[in-house]
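This report describes one protein model, from its overall build down to single side chains. Please look at the sequence and the structure before reading on.

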Amino acid sequence: MKILVINPGSTSTKLAVYENDTPVWKSSISHSTKELSQFVHINEQYDYRRDCILKALKDAGIPMQFDAVIARGGLLKPTSGGVYRIDGHIKHDLWHAGIEHASNLAALIADELAQQTGCPAFIADPVVTDELRDIARISGVPELPRVSIFHALNSRAVSRRYATRIGRRYEDLDLVVAHLGGGISVSAHHHGKVVDVNNAINGEGPFSPERAGTLPAGQLVDLCFSGKYTRQEVHKMLNGKGGLVAHLGTTDVPTIIRWAHAGGKRHKLVLEAMVYTVAKQIGAMHVALHGHTDAIILTGGIAYNEYCVSMLREWIEGLAPIVVIPGEDEMGALAMNAVGALTGELPLQTYHPEDQEKKTEELSSGFKIS
């Protein structure tokens, strides 16, 4: 089966063609600041991004003949994980998404190209995948229910990969997956569902190279009302200018390790503190699985770094077997999901965000769960 994979980012668009799970062509289209400056809003980039994709395929001599087109899932409303055939509801919610991001264009472009080709178009495991247990949604303030935003695509893909490796079904396992990248998410997978996870974007869980993670609530409130910072600046502290970059001025973990080896006591301490917060979150997800975890999977870019992995092992050794699957192969994960949908191995999901919205409204309004 021939699969076209589309993955737009802020300043690039990644493309790949797979034959089943084997990549036969890959490309990354760079978009300069000058090119993007002509667009005020992300949606205005639609024609430009689509035309760049078509040109790249034409220049590579790749005919528009595919069995499926699959795209990175954008910032939809909260929904269950899995593979979705792109429909009018998905396209509407991506076009009118509350947060602008280039990934919102992926499914729209994929659907248009699939229609030209006469094949289905899919998305899989968007970052807004929400399968939390009801008890995991409730915070100490009714108006502030916990939100599920995390590295769903890679976390579920490495889980399936691990299950295949040991001859088991993902749906029969209990796993803790720690995605260690620019943002860090630690998720509890119970029989194919992510029943708990930290909000990896804006203010929960471990701190990371560029995100603040959980903060002392009272001190954060005082900071917000101190008059020193604007609302936008505080949000940047949570996502973009928090974590390692706030403490050490860089997000580059290998560089921080070199400084630590050269005697930089603060660099060593802050990096160890980040790893410590990851270990605590892994422990919390182990509890979310009732203390029965078949494996702890470490993935993402930082998992390539043995220095960090070794530190993490010291804290979590004994909870469960530790498996390291470094990196983040989004393109391969998307292709794998498309093949699974075409073969029937992965059932297609139905996009019903109103179900999640109703549940969240009930919880935030003080609805008592019986």
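The text below covers the whole chain, then its aromatic pairs, then one histidine.

**Overall build**

The model is predicted. The protein contains 14 helices and twelve strands. Its radius of gyration is 21 Å, close to the 21 Å that the globule rule gives for 370 residues, so the protein is as compact as a globular protein of that length. Along the principal axes, the C-alpha atoms fill a box of roughly 55 × 50 × 50 Å.

Of the 370 residues, 51% count as buried. The accessible surface comes to about 17600 Å², and carbon and sulfur atoms account for 53% of that area. Taking the contacts between residues at least 6 apart in sequence, 69% join residues at least 24 apart. The side chains include 36 positive and 41 negative ones, and the centres of these two sets lie 4 Å apart.

**Aromatic pairs**

A pair of aromatic rings is described by the distance of the centres and the angle of the planes. The whole structure holds three aromatic pairs, and two of them, including the pair of tyrosine 84 and tyrosine 351, are set out in the table.

| Pair | Centre to centre | Angle between planes | Arrangement |
|---|---|---|---|
| Tyrosine 84 and tyrosine 351 | 6.4 Å | 85° | edge-to-face |
| Tyrosine 276 and tryptophan 315 | 4.9 Å | 55° | tilted |

Where in the chain do tyrosine 84 and tyrosine 351 lie? Tyrosine 84 is in strand 5 (residues 83–85), while tyrosine 351 is in the loop between strand 12 (348–349) and helix 14 (353–364), so the pair ties together parts that are 267 residues apart in sequence. Both tyrosine 84 and tyrosine 351 are buried.

Is tryptophan 315 buried or exposed? Tryptophan 315 has a relative accessible area of 53% and is therefore exposed, since exposed means over 50%. Tyrosine 276, at 36% relative accessibility, counts as partly exposed.

**Histidine 286**

Helix 11 also contains histidine 286. The relative accessible area of histidine 286 is 12%, so this residue is buried; the cut-off for buried is under 20%. Which residues does histidine 286 touch, leaving aside its neighbours within four places in sequence? Histidine 286 is in contact with Val176, Gly291, His292, Thr293 and Leu319.

Terms used: Residues are numbered from 1 along each chain as its sequence is written. This is a predicted model: local features need pLDDT of at least 70, side-chain atom pairs count only at pLDDT 80 or more; totals for chains, interfaces and linings use all residues. Side-chain values use heavy atoms; hydrogens and water are left out. Helices (H or I, at least four residues) and strands (E, at least two) are DSSP runs, numbered from the N terminus. The radius of gyration is taken over C-alpha atoms; the globule rule is 2.2 Å times the number of residues to the power 0.38. Buried means under 20% relative accessible area, exposed over 50%, partly exposed in between (1.4 Å probe, protein chains only). Contact means heavy atoms within 4.5 Å. Accessible areas come from the Shrake-Rupley method with a 1.4 Å probe; for residues, only the protein chains shown count as cover. Lys and Arg count as positive and Asp and Glu as negative; His and the chain ends are not counted. The place of a charge is taken as NZ of Lys, CZ of Arg, CG of Asp or CD of Glu. Rings of Phe, Tyr and Trp (its six-membered ring) pair if their centres lie within 6.5 Å; planes under 30 degrees apart count as stacked, over 60 as edge-to-face and the rest as tilted.
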